[in-house]
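Please open the model in your viewer and keep the sequence panel at hand.

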Amino acid sequence: MNKETIILHAFITKCYTEYGSFIKNYISYRIPHKYEAEDLTQEVFIRLLDYKQFINPETIKPFLLTIARNLITDNIRLYYKIENYTSKIYETIKSGIENTEQTILANELAALINFRMKHLPDKRRTTYHLSLYDGLSVSEIAERLHISYRTAECHLFLARKDMRHFITYFWAC
């Protein structure tokens with residue numbers, strides 16, 4: 001080590017003994033955790049080592065406070081960034097769980113519908129299937145099955161009514 005480095009280290013050691021507790025109290029007032037305040041206090045003096053040419057003994061205290069304030073700001077920004085990421089991860093997991101539950105419920109409902117459709121009369125089953133799975137309107141169903149509009153409407157009405165009663169009864173049990 002050269003002479004300048006030894007003098008700088010001695011000066012920073014003197015500053016640490018003189019202002020260390022003051023800086024720690026300054027940081028502790030703004031940061032809730034004692035161990036973080038201690039870490040940031042040490043970081044202030046480590047950063048002071050990086051400012052070799054800017055150290056002026058008359059303005060060292062405000063300079064240390066400026067370094068401490070900047071470190072506190074960085075620490076708070078990091079805290080909120082971590083909170084934001086944690087929140088996003090939680091929401092992603094939560095929506096994934098909700099999507100999984102919705103998928104399971106949708107699959108159970110589809111299984112119930114398919115089970116009950118097997119027990120419907122042929123025309124009702126066909127009409128309901130064309131409406132539900134193929135998305136056809138009543139007039140398109142009537143045209144495809146070569147039946148009147150009113151007949152297709154009646155089959156669809158009765159099939160939907162039967163499904164509603166079956167699903168309501170099943171979910172109530």
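Begin by selecting Arg144 and Asp134, whose side chains form a salt bridge with an N to O distance of 3.9 Å. Arg144 belongs to helix α5 (residues 138–145), whereas Asp134 sits in the loop between α4 (122–132) and α5, so the pair ties together parts that are 10 residues apart in sequence. Asp134 counts as partly exposed because its relative accessibility is 41%, a value between the limits of 20% and 50%. Please bear in mind throughout that this is a predicted model.

Next, move to helix α4 itself. Which residues of α4 are buried? Select Thr127, Tyr128, Leu130 and Ser131, which are the buried residues of this helix. They lie on the same side of α4, because the arc they cover around the axis is only 165°.

Select Arg47 and Glu43 in helix α2 (residues 34–50). Their side chains form a salt bridge in which the closest N and O atoms are 3.2 Å apart. The two residues are separated by 4 positions, about one turn of the helix. An α-helix has 3.6 residues a turn, so residues three or four places apart point the same way.

A salt bridge joins Asp74 to Arg77, with 4.0 Å between the closest N and O atoms. Asp74 is partly exposed, since its relative accessibility is 38%. Arg77, by contrast, counts as exposed because its relative accessible area is 55%, over the 50% limit.

For the last stop, select Ile76, Tyr79 and Tyr80 and display the surface. What do these three residues make? They form a nonpolar surface patch of about 330 Å².

Terms used: Residues are numbered from 1 along each chain as its sequence is written. This is a predicted model: local features need pLDDT of at least 70, side-chain atom pairs count only at pLDDT 80 or more; totals for chains, interfaces and linings use all residues. Side-chain values use heavy atoms; hydrogens and water are left out. Patches are made of residues with over 30% relative accessible area and no salt bridge: like charges are joined within 9 Å, nonpolar side chains (Val, Leu, Ile, Met, Phe, Trp, Tyr) within 5 Å. Accessible areas come from the Shrake-Rupley method with a 1.4 Å probe; for residues, only the protein chains shown count as cover. Buried means under 20% relative accessible area, exposed over 50%, partly exposed in between (1.4 Å probe, protein chains only). The arc is that of the directions from the helix axis to the C-beta atoms.
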